[in-house]
Amino acid sequence: MTSEEFARIGKRLFSEHLIGGNFGNMSIRDGEESFLITRSGSYLDEPGDLVRVPLFGDVPSEASSEWRVHRSVYQQTRHRAIVHAHPPYAVAASLVLDEITPLDSEGKMFCPTIPIAVGEPGSRELADDVADCLALTGLCIARGHGTFATGKTLEEAYLYTSLAEHACRVLSLVPTFR
């Protein structure tokens, strides 16, 4: 069931243009000691075999390059699932804003402030900053890189990813109507 859920969410991410190519990754906690993550370079709509990563200790070489972020989030929070995507409007907004304040009703209701994390992709700095942000909320954007959304399930994390992109699209349109 797990690989089917990963593929289903991956197809949604592709169909909404929230990821492209083999960008992004997803994981779910599979107990108190480890999590399952997509492989490095895998396409999220056809993720193939997942990689089990321990919360402490050596990491298999085939794990996604963002395993540090996922591990830090699971070590510091009670979140059960993470979706990392590269939604273009959210990425663009993160380049010019220090935090996102949605104007749309769904954004205001579910995530009134979306923090911007910093650090190079795959770095310890990014892992620490994203984990700090996600200890307080279910969603953040890594500056110039993409969203990290969490939930009890991949479905919930996907919904936060979609919410972030929608909020940033709305923000990008507002100046044209003024």
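**Close-up views of the predicted chain**

**View 1. How the chain is put together.** Of the contacts (heavy atoms within 4.5 Å) between residues at least 6 apart in sequence, 59% join residues at least 24 apart. Please keep in mind that this is a predicted model, in which local features need pLDDT of at least 70, side-chain atom pairs count only at pLDDT 80 or more, and totals for chains, interfaces and linings use all residues. Residues are numbered from 1 along each chain as its sequence is written, and side-chain values use heavy atoms, with hydrogens and water left out. The chain holds six helices and eight strands; these are DSSP runs numbered from the N terminus, with helices being H or I of at least four residues and strands E of at least two. Starting at the N terminus, their order is α-β-β-β-α-β-α-β-α-β-α-β-β-α. The chain is as compact as a globular protein of its length, because its radius of gyration of 15 Å is close to the 16 Å that the globule rule gives for 178 residues. (That radius is taken over C-alpha atoms, and the rule is 2.2 Å times the number of residues to the power 0.38.) The C-alpha trace spans about 50 × 30 × 25 Å along its principal axes.

**View 2. Helix α5 and its buried face.** Helix α5 covers residues 124-134, and L126, A127, V130, A131, C133 and L134 are buried there. Buried means under 20% relative accessible area, exposed over 50%, and partly exposed in between, with a 1.4 Å probe and protein chains only. These buried residues line one face of the helix, because they fall within an arc of 160° seen down its axis; the arc is that of the directions from the helix axis to the C-beta atoms. Their cover includes α2 (67-76), β6 (114-117), β7 (139-142) and β8 (146-151).

**View 3. Zooming in on V130.** V130 sits in helix α5 and is buried, with a relative accessible area of 0%. Leaving aside residues up to four places away in sequence, V130 touches V69, V73, A117, C140 and F148. V73 is 57 residues from V130 along the chain, yet their C-alpha atoms are separated by 7.4 Å.

View 4. L97 is partly exposed, with a relative accessible area of 34%.
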